[in-house]
Amino acid sequence: AGQVDREKKIMMYCTGGIRCEVFSSVLRARGFENVYQLEGGILKYGNQTDTRHWRGKLFVFDDRLSVSIKDNNEEEEIISKCRHCGIPSDTCYNCASFDCNNVFPACPDCAVK
């Protein structure tokens, strides 16, 4: 591995800000000074700003799998498709078996197959 320029600016963002908070302190402890993060993560940012340019849902690393960052009154654009039949679907499923080990979008009809 090559040397990393400790003078470069580093911008981090994550879903809720917790991982970035931890990792930014690790980077600072290792001599990186120009470390920035999106305070509160993408979810807080989405709740404080105009989301008209945001498309789809936000993938999250917990049992929810995806969440909306738009106001409840706004229509959500579906940007993903069912892995099996190809129709628009933004519901994710976690196939955690050894044979599959995948997270994927699926429509309700295909999800039961």
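This report describes a strand pair, a helix and the salt bridges of a predicted model.

## Basis of the description

Residues are numbered from 1 along each chain as its sequence is written, and side-chain values use heavy atoms, with hydrogens and water left out. Because the model is predicted, local features need pLDDT of at least 70 and side-chain atom pairs count only at pLDDT 80 or more, whereas totals for chains, interfaces and linings use all residues.

Strand β5 (residues 92-95) and strand β6 (residues 102-105) run antiparallel and are joined by 4 bridges; strands are taken as DSSP runs of E with at least two residues, helices as runs of H or I with at least four, both numbered from the N terminus, and two strands pair if DSSP finds at least two bridges between them. Cys-95 stands opposite Asn-102 in β6. The hairpin has 6 residues between the strands, and in it Asn-101 takes a positive phi near 45 degrees.

In helix α2 (residues 41-48) the buried residues are Gly-41, Ile-42 and Gly-46, where buried means under 20% relative accessible area, exposed over 50% and partly exposed in between, with a 1.4 Å probe and protein chains only. Seen down the axis of α2, these buried residues fall within an arc of 165 degrees, so they line one face of the helix; the arc is that of the directions from the helix axis to the C-beta atoms.

On the other side of α2, Asn-47 and Gln-48 are exposed. The cover over the buried residues of α2 includes β3 (58-59), contact being defined as heavy atoms within 4.5 Å.

## Salt bridges

The whole structure holds 3 salt bridges, each defined as a side-chain nitrogen of Lys or Arg within 4 Å of a carboxyl oxygen of Asp or Glu. In one of them, Arg-55 pairs with Glu-77, with the closest N and O atoms 3.2 Å apart; this pair links distant parts of the chain, since Arg-55 lies in the loop between α2 and β3 and Glu-77 in the loop between β4 (66-67) and β5, 22 residues apart. Arg-55 is exposed, at a relative accessible area of 52%, while Glu-77 is partly exposed at 38%.

Asp-90 forms a salt bridge with Lys-57, the closest N and O atoms being 3.7 Å apart. Asp-90 lies in the loop between β4 and β5 and Lys-57 in the loop between α2 and β3, so the pair ties together parts that are 33 residues apart in sequence. Asp-90 counts as buried at 17% relative accessibility, whereas Lys-57 is partly exposed at 33%. A salt bridge also joins the side chains of Asp-62 and Arg-64 (2.8 Å, N to O); Asp-62 is partly exposed at 33% relative accessibility, and Arg-64 is partly exposed at 48%.
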